[in-house]
Structure formats: C-alpha cells, structure tokens
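Here is a friendly walk through one model, with its strands, rings and surface taken in turn. Have the sequence and the 3D view at hand as you read.

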Amino acid sequence: MKKHLSLLLFLSCLSVFSQTDELVGDYFRRSGSEEDHLIEYKLTVSPDGTFSFHSYTNHKKGIPWIRNNYGKGTWKADGKIISFFTDTAKDLDEKHTLNFSHSKARFITKPPRDKTDRVIKTRLQFFESEIFWIERLEIYKTP
C-alpha cells in the first residue's frame, strides 16, 4: 500500500512540474517598423522561478528617441495563471525600474485534445498589472 501511495504521489508531482516546464522560456514581441517607430518586448521566464523583462522603444519623432525599460523578479504558476512579483528591496535599482508586483498573465497554448490543423501560438497574455502598458500585452514564445 505504501508503494502505491508513493508512486501516486510521485506521478502527481511529476505532472505538476511538467506543466511549468512548458511555460519556461523566452517570449518576444515586435511591433512597428524601423522607419517610423519600433517597439520590442522580451521576457525570459527561468525554471528557477525568476524572470527578466526588457522593453525597447525607438520613436524617430519622439523625445527621447530611444527608451529601454527593464524589470526582474520572481514568478509563480497556478494552473494557467502566472503571477509576477518584484521585491522592491533587491530587484529594483537604477536599471531595473519596472515593478511587476500585482501583475498576472494567462498562459495560452493549443490544448492537447485539439486535433485540428489550426495554429495557436504559445503566448502569455497579461490581464492585470499596475504598469498600464503591460496590462493587455500579448507576448509570444520563441521556438
């Protein structure tokens, strides 16, 4: 009986960790063009529970022309919802100014039971954030 219970516990833990491995990786989004304005977002979600974010903006007619924003912190997955946290004491400095606390994103991927030919890009869609331009951002996982 103990062996069966141990095996069941091991398999359930294995399935939980395999789901988080799916969302770990690099996410990227580019919009605009190099001639007028260019906006790029890069998010790296690490398996150790940390993340880093970089936003690059190059507006040819704006002031300032080029702007870089950085953020880092920790993340936690609860099903398909990923919560981001920033420790203001150790994660914020002169370079990393974005506070991702109270930010949440939904992990969207093609369901394994979907056998159709439709293509659904794996992505994170932010639905809650105190950073106003992050709140509806969809950022796609790079292969």
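## A buried tyrosine and its partner

Y41 counts as buried because its relative accessibility is 12%; buried means under 20% relative accessible area, exposed means over 50%, and partly exposed lies in between (1.4 Å probe, protein chains only). W133, at a relative accessible area of 27%, is partly exposed.

Before going further, please note that this is a predicted model, in which local features need pLDDT of at least 70 and side-chain atom pairs count only at pLDDT 80 or more, while totals for chains, interfaces and linings use all residues. Residues are numbered from 1 along each chain as its sequence is written, and side-chain values use heavy atoms, with hydrogens and water left out.

## Rings that meet

A pair of aromatic rings is described by the distance of the centres and the angle of the planes. Here, rings of Phe, Tyr and Trp (its six-membered ring) pair if their centres lie within 6.5 Å; planes under 30 degrees apart count as stacked, over 60 as edge-to-face and the rest as tilted. How many aromatic pairs does this rule give? The count is nine. One of them is the stacked pair of Y41 and W133, with 6.1 Å centre to centre and 25° between the planes. This pair links distant parts of the chain, 92 residues apart: Y41 belongs to strand β2 (residues 37-45), and W133 to the loop between β8 and β9.

Ring pairs also build a cluster from Y41, F51, F53, F84, F100, F126 and W133.

## Charges over rings

A charge sits over a ring if NZ of Lys or CZ of Arg is within 6 Å of the ring centre and within 35 degrees of the ring normal. K95 lies over the face of Y70, 4.6 Å from the ring centre, and K121 lies over the face of Y140 at 5.3 Å.

## Strands side by side

The protein has one helix and nine strands, where helices (H or I, at least four residues) and strands (E, at least two) are DSSP runs numbered from the N terminus. Two strands pair if DSSP finds at least two bridges between them. Strands β7 (residues 103-108) and β8 (residues 123-128) pair in the antiparallel sense over five bridges, and R123 in β8 is the bridge partner of I108.

Strand β8 also runs antiparallel to β9 (residues 138-141), joined by three bridges. There, Q125 stands opposite E138 in β9.

## The whole protein

Of the 143 residues in the protein, 31% are buried.
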